[in-house]
Amino acid sequence: MYEVSKQQNAPDIVDLDETSSTVEYSKSFEHALNIEYEEHLKLYEQFSLYDVRIDPVDKRFLPGLGFVTKVAKISMNGFADARPTLQIGDIVLLRPRLRGPSVSHHMTYSALEIESRILGVIRSKRDEKDQILFTWGLNHHQTAVMGNAPWETYFNVRFVPSASSLERCLTALDWIKNVSIHHPHALNDVLFPLEAPKVKSLKGEQSIRLKHDASDTDTQLNELQSSFVRMVRARTLDSEYTHVRPPMILTGPAGTGKTKTLMAAIVDVLGLLPSNDDKKLRNNRVLVCAPSHAAADVITGRLISFLAKEAIFRMYDKSRPFNTVPSSIIHLTCQKTSTGEFTLPPPSAWNSFRVVVCTCLDAHILFRAKITNEAINKRRTCFRQYLLSDLNNTGLSFDQLPKIIDPFFSHLFIDEAAQATEPEILVPLSCVVDPYFGAKKAELAFIGDPRQLSPLIFSETSLKYGLGRSFMERLLRRPVKCLGGGEQHMLGPARLPDSLFDETASSLMDLIRYYATVDGQEQLTIFLTENYRGHPGFLMMPSSFFYFDRLRCANEMNAKDLDFWQSRLREIEALSRPVLHPFRDEDEDFMHNEFVKTNPYFQVHKQSKWPIHFLGVRGEDKSIALETFTGIDSWQNLMEADVILEMVTTLVNGGVVTTRIGVMAPFRGQVILIRKLLRTRNFFDVNVGTIENYQGVEQDVVIFSLTRSNDQFVPNDIRRRMGVFGEMSYKRANVALTRAAKLFLVIGNPEIMWRDRLWRQWLMFCHRNGLWYGRALSHADMQKMADDKLKICPTNEEASRNEHLVMVSTLEKIHRRTV
């Protein structure tokens, strides 16, 4: 693949927001995928190891063969933090190295190359090292040469990324091209939508209740959540037979109930909600996909509360190790009795399944097995034609052989869709889209948050071809006809008319609509705004910076719980001194500035009940190349790590269980350093990880170390898309700011943060609310805070156009106390 793609002529870079050509679309993504795979090949070369020992796993004695093993391992720190991540199925190439004076078999020995496959990467616990588990098996020639020596032999090891993901994505693109040839316009509304479909309006109650069979309790969905369920129901009851309609989209930040709404939509289209027992829904079958196994496993676990176990099938690729599957859902899989490998159930079992769950890439298994709407419809049609021809000879009426029109999969739901590349999404699409005119079409829905982490792409060239942007985000950026024309979309138009920011404008909600909003009609996107996680203080800056100042806090705080965390915060605050105003030295001019004195948002008013703490420090960031795993280089900041150690110690002494504490850093080196320091005090259960590790994860206490303390390295961070500075890293910053549920602690160098637009607003927020402790800013930098040109605005869209605008969200205005 590497050499082939080298020889191909690179296609022109096209604007995927504007094009309607499937040819341009397919060529762009084919080239991007090949380039990205080449980049992975280069990066994996950095992981090469020399003169390492391997150890057997599960070594067994077999008569006639002696001790044998099918699994081996290499132990070394750093494996679990590799970038890119080593994946199950990646290739391990091992070449034995002969040591000592005996070199008689040197040529034969060195010519050996043992090919294995990674079975898992295990993060170290306590004083252990990280481990890579891989298959082990020597052929007859290798056994004859090595004899019983492999466990006493040193090896040179290379890693090669598996091409499985690439091949599955390319197969999906081939499907796109074939469909476009035989059915030229069948996919236009899916790939390049221009307007919303017309759907019959629903009648009946607006609210939706989600009943849990296991606990016999139900949950009332809020207005926006109910709107999405009703939108899916309206599309389901008003079927389409000519073309597949544009995907519906459910989006919103973490904590707004996207997964709960997804569960309600799935249960509803299966006819299992009390408010919707329409007989038309009883034959529906749903395919649910997600980019990762972790997300797919969570969905499967949630579905158990609503459906019988016989109605759910969790599908895995045969290479998936058995021990990586949660025990709570293993009974929903299918395995070979002889080998334990995952496999597909027999045809007789499929009729009982109401929901099939898998990763986006594993949906390729269904495509290869021809368990797709298109393939099954073809078989049904051929069988019907055969029976009809037979009936002609008997003189029976055609009415006695009704045509089956229901698709095998009535719906496709893709959770965490914003984290998948567009070719990944095409894999499950190839399973549910039936392009033939007259066939009943499946309904599509994407769920996710395009304001948080996008697919992780390493090639700059692939990014230019659009591989780093999800299908969901591309749809939300496409110009569409609504509200009398214009280019409205959820992520905001490229150029905004000034009138949208006028105080008399009707609503900023216009900026977050994929199409016009009419219940049951012309509605394609629901943006959830009510947040049920944590304190409203956690939402104030993310609401302004990422979500158009639309977020509302619907979480009811328990008074006793709130008192406990406020006590812990007071103990953290006692470790340092507050920054009463942002100067190292007293400044009488600033303190008596009339503009500052008359504007409450430029005065410090301590918000003692807000569980947020910023500690300014000026450490030294140090570049490291991990000695334990060559090729992984990153950054460490010992001062920030030491501060975190003291914070964790204080929290634990105050009664916080270590499993409730999470520590996050943007650099792998800092993660490893913090983990090492915490283990010196036996804090083994504190969850320490990078921002990517925390995507989709909630933790009661989150301590975030920005790490970077030297501004000379920031441009390189921005260029390499590392750290949390620069606009390309704002999605990562959003994840960091939205993980805490009870207490959020941030450690960083304010002088570096002040130079970044996002973090400058964060510093201003912490300063005016009395949340800033430790090191303050220099006099020169903070003179800008006394500028009488400063004005208040609610959103980043406004602040980005004027450096004199200070973001203050509606949530902050509601909850801030000045007396």
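Helices are runs of at least four residues that DSSP labels H or I, and strands are runs of at least two residues labelled E, both being numbered from the N terminus. The structure described here is a predicted model, in which local features need a pLDDT of at least 70 and side-chain atom pairs count only at pLDDT 80 or more, while totals for chains, interfaces and linings use all residues. Residues are numbered from 1 along each chain as its sequence is written, and side-chain values use heavy atoms, with hydrogens and water left out.

In these terms the protein holds 28 helices and 30 strands. Of its 819 residues, 56% count as buried, where buried means a relative accessible area under 20%, exposed means over 50%, and partly exposed lies in between (1.4 Å probe, protein chains only). The protein exposes about 36300 Å², of which carbon and sulfur atoms supply 50%; accessible areas come from the Shrake-Rupley method with a 1.4 Å probe, and for residues only the protein chains shown count as cover. Among the contacts (heavy atoms within 4.5 Å) with a separation of 6 or more, 76% are accounted for by residues 24 or more positions apart.

Two strands pair if DSSP finds at least two bridges between them, and strand S13 (residues 286-290) pairs with strand S15 (residues 355-359) in the parallel sense over five bridges. Within this pair, Val286 stands opposite Val355 in S15.

S1 and strand S9 (residues 154-160) run antiparallel and are joined by three bridges, with Val52 standing opposite Phe155 in S9.

Helix H13 (residues 422-432) is mostly covered, since eleven of its eleven residues are buried; among them are Glu422, Pro423, Glu424 and Cys431. Arg235, which lies in helix H7 (residues 223-237), is likewise buried, with a relative accessible area of 2%. Leaving aside residues up to four places away in sequence, Arg235 touches Pro197, Val199, Arg245, Pro246, Met248, Glu443, Leu444 and Leu524. A polar atom of the Arg235 side chain lies 2.6 Å from the backbone oxygen of Pro246.

The structure holds 33 salt bridges, a salt bridge being a side-chain nitrogen of Lys or Arg within 4 Å of a carboxyl oxygen of Asp or Glu. One of them joins the side chains of Lys177 and Glu30 (2.6 Å, N to O). Because Lys177 lies in helix H5 (residues 164-182) and Glu30 in helix H2 (residues 22-45), this pair ties together parts that are 147 residues apart in sequence. Lys177 is partly exposed, with a relative accessible area of 31%.

A further salt bridge is formed by Glu113 and Arg95, whose closest N and O atoms are 3.2 Å apart. This pair links distant parts of the chain, with Glu113 in the loop between helix H3 (106-111) and strand S7 (114-122) and Arg95 in strand S6 (residues 91-97), 18 residues apart. Glu113 is partly exposed at a relative accessible area of 32%, and Arg95 also counts as partly exposed, at 41%.

The side chains of Arg570 and Glu573 likewise meet in a salt bridge (2.9 Å, N to O). Because these residues are three apart in helix H17 (residues 559-573), Arg570 and Glu573 are separated by about one helical turn. An α-helix has 3.6 residues a turn, so residues three or four places apart point the same way. Arg570 counts as partly exposed at 31% relative accessibility, whereas Glu573 counts as buried at 8%. Elsewhere, salt bridges that share partners join Glu30, Asp174 and Lys177 into one network.

Definitions and conventions. A polar contact is a pair of N or O atoms within 3.5 Å; within protein, one must be able to donate a hydrogen and the other to accept it, and residues adjacent in sequence count only if both atoms are side-chain atoms.
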